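Visitor: I'd like to go through this model with you before I set anything up. Could you show it to me, please?

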Amino acid sequence: MKLKVFTVFILFMYCLNAQQNKEDYANDNFFRFDNFIYKSSIKTVLCHESSFEMNPPEIDLHSDQKIQLSFDDLEGGFKTYQYTFFHCDANWNPDDLMISEYLTGFFDDQITNRSASFNTVVSYTHYTCSFPNTAIRFSKSGNYIIMVYENGNKDEPIISRKFRIFENLVSLSARIHQPLGSDVLYNTHEVDFSIFFTQYQLTNPATDVKVVITQNDRFDNSITSLKPLFIKDKELSYDYDDGSNCFPAVNEFRVLDIKSSRYPGPTTQRLFRDSASTVFQVILKKDEPRTFKRYVFSPDINGRYLIKSNEASNSTTEADYMEVTFFLPFEYPTDNGNVYLVGGFNQFQPTKENKMHYDKLNKGYTCKLLLKQGYFNYYYS
């Protein structure tokens, strides 16, 4: 059983929302309050706390921390991209606040930090912005969505990304352990925790507090429906024994290493670029099905990814794009659903782009993804 990284978010708000099928609307331009890319030329969207590229996108309202958003546009050139923000409730729906109630300064800004790729086979323009900044600052904590759009047209979004601004108003203690019960003992993690609100006044603790637990900062399997089992003096206890606070203890993430354009990584079968290829081609070794395999420890980065080129002095603009072919052997196609290749690089979202297709001749599922050089974690879902 692998120990994963869990985060508990406490939000003083409440609302209900229905989840839509991401694959169905992944390619249209209708804006939704979720992590999405609306234009096929936009790649490698990173949103994180600015001091480290693998930090989650969350900052303290009363600190000097910043969120950094960056992305590549494979169409090249220098375009006029702007961005603005939406304040959301606990379920990432837009709330009733006016924009002047959560932003100070300007309500939108232009991305002026942009650089053309250098010495790469695939040309692109890299864009970066950080916030809060001198133009825009936040006056309230909560869930936020940043929307990037082009040429002042907010009706045609380019990118939407979630991030969080918090205040340390309560304290928390948590314990992650194997749950009781023989059927789930070796394949789930149980997250028990208590919230202490000695410095914060709650009128009705049972309904005023909305708890969200995420595994490796994922939203696709987050737990959002928990209510406190016990309310003591300034303490809310969430110590469940019915599985309500359990996550599947998946195996180690699989590893993709394409940091070098000269030497193949440990899982690469072929790395080449011939006269017929407009990009570097990476053919991976066949992945081994692990459905009935015992857990074996191996280091990973908990589903995240790092952009890096060994041959570059600045991977931001000198890392190249490669077309990577994945293959998962399967004797027969599954008849109870689809197979997707997911990880932090695609927000663990099942979309048409990362849907695996069955190859009858070679007996297995395969797909090709255009990825920027780096180190990736992924798994099949």
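Visitor: Which residues touch the most other members in the largest nonpolar core?

Guide: Before that, a word on the source: this is a predicted model, in which local features need pLDDT of at least 70 and side-chain atom pairs count only at pLDDT 80 or more, while totals for chains, interfaces and linings use all residues. Residues are numbered from 1 along each chain as its sequence is written, and side-chain values use heavy atoms, with hydrogens and water left out. As for the core, Phe71, Tyr83, Phe85, Phe131, Phe138, Val148 and Phe163 touch the most other members among its 27 residues. A nonpolar core here is a set of buried Ala, Val, Leu, Ile, Met, Phe, Trp, Tyr and Cys residues joined through side-chain atoms within 4.5 Å, where buried means under 20% relative accessible area, exposed over 50% and partly exposed in between, with a 1.4 Å probe and protein chains only.

Visitor: And which elements give two or more residues to this core?

Guide: They are strands S3 (42-49), S5 (67-73), S6 (81-88), S10 (125-131), S11 (136-138), S12 (142-150) and S13 (153-166), and the largest share, 4 residues, comes from S13. Strands are DSSP runs of E with at least two residues, numbered from the N terminus.

Visitor: What does Phe85 touch?

Guide: Not counting residues up to four places away in sequence, Phe85 touches Ile99, Tyr102, Leu103, Phe131, Ile136, Phe138, Tyr144, Ile145, Ile146 and Phe163, with contact meaning heavy atoms within 4.5 Å.

Visitor: Which residues do ring pairs link into a cluster?

Guide: The cluster consists of Tyr83, Phe85, Tyr102, Phe131, Phe138, Tyr144 and Phe163. Rings of Phe, Tyr and Trp (its six-membered ring) pair if their centres lie within 6.5 Å, and planes under 30 degrees apart count as stacked, over 60 as edge-to-face and the rest as tilted. By this rule the count comes to 28 aromatic pairs.

Visitor: How do the rings of Phe330 and Tyr365 sit, stacked or edge-to-face?

Guide: The pair is edge-to-face, because the planes of Phe330 and Tyr365 stand at 80 degrees, with the ring centres 5.7 Å apart. This pair links distant parts of the chain, 35 residues apart, with Phe330 in the loop between S24 and strand S25 (341-342) and Tyr365 in strand S27 (residues 364-372). Phe330 counts as partly exposed at 31% relative accessibility, whereas Tyr365 counts as buried at 5%.

Visitor: Now Phe327, is that one buried or exposed?

Guide: Phe327 has 10% relative accessibility and so counts as buried; its place is in strand S24 (residues 321-329). Leaving aside neighbours within four places in sequence, Phe327 is in contact with Lys285, Lys286, Asp287, Asp359, Asn362, Lys363, Gly364, Tyr365, Thr366 and Tyr380.

Visitor: What lines the largest cavity?

Guide: Its lining has 28 residues, of which Cys47, Pro57, Asp217, Gly344 and Gln347 lie nearest the centre. S3 and S13 are the elements that give two or more residues to this lining, and the largest share, 4 residues, comes from S3.

Visitor: Lastly the backbone, which peptide bond is cis, with omega near 5 degrees?

Guide: That is the bond from Phe131 to Pro132, and Pro132 is in the loop between S10 and S11. Asn151, in the loop between S12 and S13, has a phi near 55 degrees, a positive value in a residue other than glycine, and Asn151 is exposed, with a relative accessible area of 56%.

Technical notes. On a 1 Å grid over the protein atoms alone, a cavity is a set of points where a 1.4 Å probe fits but cannot get out, and a pocket is an open set with protein on both sides within 12 Å along at least five of seven lines; lining residues have an atom within 4 Å of a point.
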